[in-house]
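Subject: Structure for you to look at

Hello,

I am passing on the structure we discussed. My notes follow below it.

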Amino acid sequence: MAVSLKRTEGLTDKPFHYCPGCTHGVIHRLVAETLVELGVLERTVGICPVGCAVFAYDYFNCDMIEAAHGRAPAVATGVKRALPDRVVFTYQGDGDLAAIGTAEIIHAASRGERITTIFVNNAVYGMTGGQMAPTTLLGQKTTTTPFGRRAADAGFPLKVAEMLSVVEGSVYVSRVAVNSPKNILRAKKAVRRAFEIQVQGLGFTFVEVLSTCPTNWGLSPPEAMRWLEKNMIPVYPLGEFKVPEVE
Amino acid sequence: MDKILMKGNEAFGEGAVRAGCRLFFGYPITPQSELPHYLARRLPEVGGVYLQAESEVAAINMVYGAAAAGARVMTSSSSPGISLMQEGISYIAGAELPAVIINIMRGGPGLGNIAPSQSDYFQAVKGGGHGDYKLPVLAPSSVQEIIDLVGLAFELADKYRNPVMVVGDGVLGQMMEPVKLGPVPEVVLPPKAWATTGTAGRRTRNIINSLYIEPEELEKVNLRLQAKYREMEREEKRWEEYRLDGAALILVSFGMVARIAKAVVDKLRAAGIPAGLIRPITLYPFPDIPLTTAAETAKAFLVVEMNAGQMVEDVRLAVSSRRPVHFHGRTGGMLTTVAEVTATAREIWEVAE
C-alpha cells in the first residue's frame, strides 16, 4: 500500500510539547512542508522566539537559533546579511513580536530584509500564564484583564499585518487562520508564497497566522476553533494585504 | 613602513577590517561616532556590510545573528548604549559566540555627558548583564595599540567562542596619532563547524542557544563556561611595566590615564622618588601577577582612574593588604592632570618612605 501522507522531513521526530488543541503544531508543519517542497531545507536558518514556541529549534529539521524575547528579526538580519544566499525565517508569537519586539519587526520590514516572518497570533500570552497580549480582543478575559480588556485602560488590539503592509520595505503581507481544513490550505499557500518571494530576493515577507490557545482561553479545542472564527476573524480579517507587483 | 595620522575611533574600525571583520552593526552615540562613520565608508570597499540598526538592542542582536552564522562581526557604542546591549551580550556569552564590542566610555551615570571617563570598568570586567559570565576586556592606551588590540580581540573571541570588549574613552577616540599600518593582511578565519549556516554537507543540525530548561544541564553549561574563564585567567593576562626597576611607589592605571601616569612616574623619578607604573592591558583577566610580585618589595600603590575607584578593588585583591593601596580619580568626564597626580603621589611617598 502506498503511503499517501507521512511526517514531513522538515520536522524532527521530537514530540511537540504544545497543549492539546493548540495550533502551533499545524503551523510548524506548514512551514516545514514548504521548506521541503521548495528544496531549501538544507540552506535554511530559522530563528525561534521566547514564548510557547521557544523550543521550536527542537522541531524544525534545519539549523536553528534561539533569540532573546522580541529580537528574532534583528538576529535574522544578522544571519541574512552574513549569508545572503540562505533562507532565513523567524517564528514569533504575539507577545514576542507585537509587544517587546515591535521595533525590531518594523525596522526589519522597513529595511526590506529578505527574510520571512511567521507571526502566530492567539490573542494571549501562552507560556507565562495567559496574560493580556497586545492582540487581546476588547472584552476578552485574561489573567491580567480579569474583567475583560477595556480600551480605556488597556488600549486596543494591535493589527500587525495592516501596520506592516504600509511599510515600504515589506513586499508580501498576509493574514491567515488555521481553524478549519479550508483555512489551513489557504494558510499553506500564503506560507509558500512568502518563502518563494524570499527566495526571489524581493524583500520582507510576513504571514500572520490566527491560532488557538484552548488552555488559556479556558475552552475545549473544538470550542477554541469556533471562538477564533466567531471572535478573532472579525477583528483580524483574513487575506493578502500586500503582494509584490512582479513575481 | 610609512606612518599615517589616524583618529582613535577610526583606528578601531581599521583594526577590525584588518582582523577580517566584514560586518558591523551599530547605533549612533557620541563620543564614538567617527567609528561608524569610518566603517560606513570602509566596509563596502572590502565587500563588507555596514548596517545602522534601529537601536543598540537591535544592533547587538544583529551581532548575535551574524556571529551565529560564523562571521567576524563587531559593534561599538558608548556607555548608555552599552548598558542597553547587556542583555544581548549575556545571550552571546551564554550561546558561546565570538563577537567584538567596543565601548568608548563617557561620563555617567544616566545620560551623564559625552566627556571621557572610565566609569564602566565594573560593568565591563564583572560581567555586565545577567548570569555568571565574563568577557575578556582589553584597554588600549594609544592609537597604534587600538589597531593591535582590536586584532587580538577577534583572535580571543574565536579562540574562546566568547564576546570580547575593547574599552577606550573620549580622549583616546578623538585624538590623532601616527600609526604604522602596512598592507591589509590576508586573514584566514578559523573553521566554525558549530555555526548555523544551513545543514548542507553536514550530518547534524547546528543549534545556537542559551536555554537549558533542566537545572542539572544548565549547571553543567555553567561549569564549562567557568572552566573556560579559568583558562583565560591562566593564558591571557597582559600588562605593561614601566620603570619598575627598584620602584617602591607603584602607580596602576589603564587606557589614557596610564599615559598621564607615565609622565608622573618620570617626574617623580627626576625628583628622586623611585616610582614605577603597572598598566593592565587586559582588564579581565586582571593582571594580578605583576602586582603580587611588586607587593613583595614596594612600599605603596597608587591607583589612578577616571572614575570613583573601580579598578582599585582588583588591585587591592592582588596586593592582599600587604601594602597600602591609595586611589586618585576624577569623575563626571573630568581629566586628571600630571600635576594633580604628582602632588598626590608625593604625599603618599612622604608617609610611606
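Just after α6(B), B:Arg161 has a positive phi of about 50°. The helix itself, α6 of chain B, covers residues 143-160; helices here are DSSP runs of H or I with at least four residues, strands are runs of E with at least two, and both are numbered from the N terminus. With 18 residues, α6(B) reaches 26 Å from its first C-alpha to its last, close to the 26 Å expected at 1.5 Å a residue (the expected span is 1.5 Å times one less than the number of residues). Its buried residues include B:Val143, B:Glu145, B:Ile146, B:Phe154 and B:Tyr160; buried is taken as 20 or more other C-beta atoms within 10 Å of the residue's own, exposed as 12 or fewer, and partly exposed as in between, with C-beta atoms placed from the backbone.

On provenance: this is a predicted model, in which local features need pLDDT of at least 70, side-chain atom pairs count only at pLDDT 80 or more, and totals for chains, interfaces and linings use all residues. Residues are numbered from 1 along each chain as its sequence is written, while chains are lettered from A and ligands numbered from 1 in the order in which they are written.

Next, two helix pairs. In chain B, α3 (residues 56-68) and α4 (residues 79-94) pack at about 30°, with axes 8 Å apart; axes are lines fitted to C-alpha atoms over the stretch in contact, and angles run from 0 to 180 degrees between N-to-C directions. α3(B) and α4(B) are therefore roughly parallel (under 35 degrees; over 145 is roughly antiparallel, 65 to 115 roughly perpendicular, the rest oblique). The residues of this contact divide into 9 nonpolar, 3 polar and 1 charged, where Ala, Val, Leu, Ile, Met, Phe, Trp, Tyr, Cys and Pro count as nonpolar, Asp, Glu, Lys and Arg as charged, and the others, Gly among them, as polar.

In chain A, the axes of α1 (residues 24-37) and α7 (residues 181-199) come within 9 Å and cross at roughly 45°. α1(A) and α7(A) are therefore oblique to each other. Among the residues making the contact are A:Leu30 of α1(A) and A:Val191 of α7(A); by class there are 7 nonpolar, 1 polar and 3 charged.

Finally, the two chains: 28 residues of chain A are in contact with 31 residues of chain B (contact is C-beta atoms, placed from the backbone, within 7 Å). On the chain A side, α2(A) gives the most, with 8 residues.

Regards
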